[in-house]
Amino acid sequence: MYYFNYDNENLFLEKHNKIILISYINFYYFMKKLKEMNKIELNGLRLTTKNTLIIDLTSISSLINIFNSNNNLVDSYIKIKLNNLVVNQEDDEILKSIINKYLESMFESKFDDIDYIKLFKAYSNLNIENEKKFFKMLNSIINSDEYEEIMIFYKRSIINEFKLQNIEEINNEKVILFEICDKDSKLELDDNILIFDKEITQLRVDDFFDLIINKSRKYDAKNKDTYIYLINKILFYAINGKEVDLVKKYENEISELTEILNKEFKLKFTGEL
C-alpha cells in the first residue's frame, strides 16, 4: 500500500487503482498538480520530475504522444542507454575531435565538455512503432535507477485496442496503475476506488458494493453475486442484444440499482452507458 499526500488530502493507493469520474474539473486539477509535481508526496518521497515518470494512456491524443519520439518515455530510454554505453578512450577522443572541429568553425570556440546525452537526444528519431517497442522501453526504464516512482494512467478500451494490457501484469514496487473506468471496465473485489466529484471519495470495492446493495429494498443475500454483476453492467457496459433476456429478468433490480447510483453517487444514467 502507498501513502499518497495530495493537496493536503491523504489517500491510500494500491498497486492497481480504479478511478470513477463524476467531475472532470476535479480530475483536471488533480492531474495538473501531479504533472507539475506541486507539493505531492508518496510514502514520504516528495515527487519531482526527476524521480517520477507519468505515462498517460487515457485517450487517443495521449497515445499519439507516446507513439512518437517527443515524449518522456523515449527521452528516458535514450538517457539510460547512453549512461550505460561504454566508449573506449580512442573512440571518445576521435568523437570529441570531430565535434570540436565543427563547433570551433561555427562558434570560434572550443567545447571540451560535451554532453553526449543532450547531443544524441536532440538528433535521435527513435519512435515507438508498436506494443513490443513500448514494453521494451518501459521495462528498461523500470529496471533502471532513473525513476523512483512510475505512474501509469489508462483506459481499458485504449489498452485493449492497442494490445497494451500487459501493463497490468507489471510486478514492480515503483509502478502504480490508475485505470479510469470506461465501458470495458469491471470492478473486482480487491480494487481500490477513487471517485472524483467535488471532493475525492475513496472506497474499497467491497464497501462500494455493500453501500449500494444495502440500500436496495429488493435485495436477497443469496443473490449478491448477481447484484455485483448487475452493478458492473450498469456502471461500465452498454447492455447489448445478447443480454435482452437478462435485462427482462432483472428489470426491476436494474431500475432500482440505477436509481441508487444516481442518488448516492450522482452517476446520471439515461440508458446510454
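Modeller: A salt bridge here is a side-chain nitrogen of Lys or Arg lying within 4 Å of a carboxyl oxygen of Asp or Glu. Please keep in mind that this is a predicted model, and that the structure holds 14 salt bridges by this definition.

Let us begin with the pair R217 and E256, whose side chains meet in a salt bridge with 4.0 Å from N to O. The two residues come from distant parts of the chain, since R217 sits in the loop between helix 8 (205-213) and helix 9 (224-236), while E256 belongs to helix 11 (residues 251-265), 39 residues apart. Their surroundings can be described with relative accessible area, where under 20% counts as buried and over 50% as exposed. R217 has a relative accessible area of 69% and is therefore exposed, whereas E256, with 4%, is buried.

Now turn to D191 and K18, which also form a salt bridge, with their closest N and O atoms 2.7 Å apart. This pair again links distant parts of the chain: D191 lies in the loop between strand 8 (175-180) and strand 9 (192-196), K18 lies in strand 3 (residues 16-21), and 173 residues separate them. D191 counts as buried because its relative accessibility is 6%, and K18 counts as buried because its relative accessibility is 6% as well.

The next pair is E179 and R156, where the salt bridge spans 3.0 Å from N to O. E179 is part of strand 8 and R156 is part of helix 7 (residues 156-161), so this contact ties together parts that are 23 residues apart in sequence. Both E179 and R156 are buried.

These last two pairs should be read together, as salt bridges that share partners join K18, R156, E168, E179 and D191 into one network.

Note on methods:
Residues numbered from 1 in each chain as written. Predicted model: local features only at pLDDT ≥ 70, side-chain atom pairs only at ≥ 80, totals over all residues. Heavy atoms only, no water. Helix = DSSP H or I, 4+ residues; strand = E, 2+ residues; numbered from the N terminus. Buried < 20%, exposed > 50% of the residue type's maximum accessible area, 1.4 Å probe, protein only.
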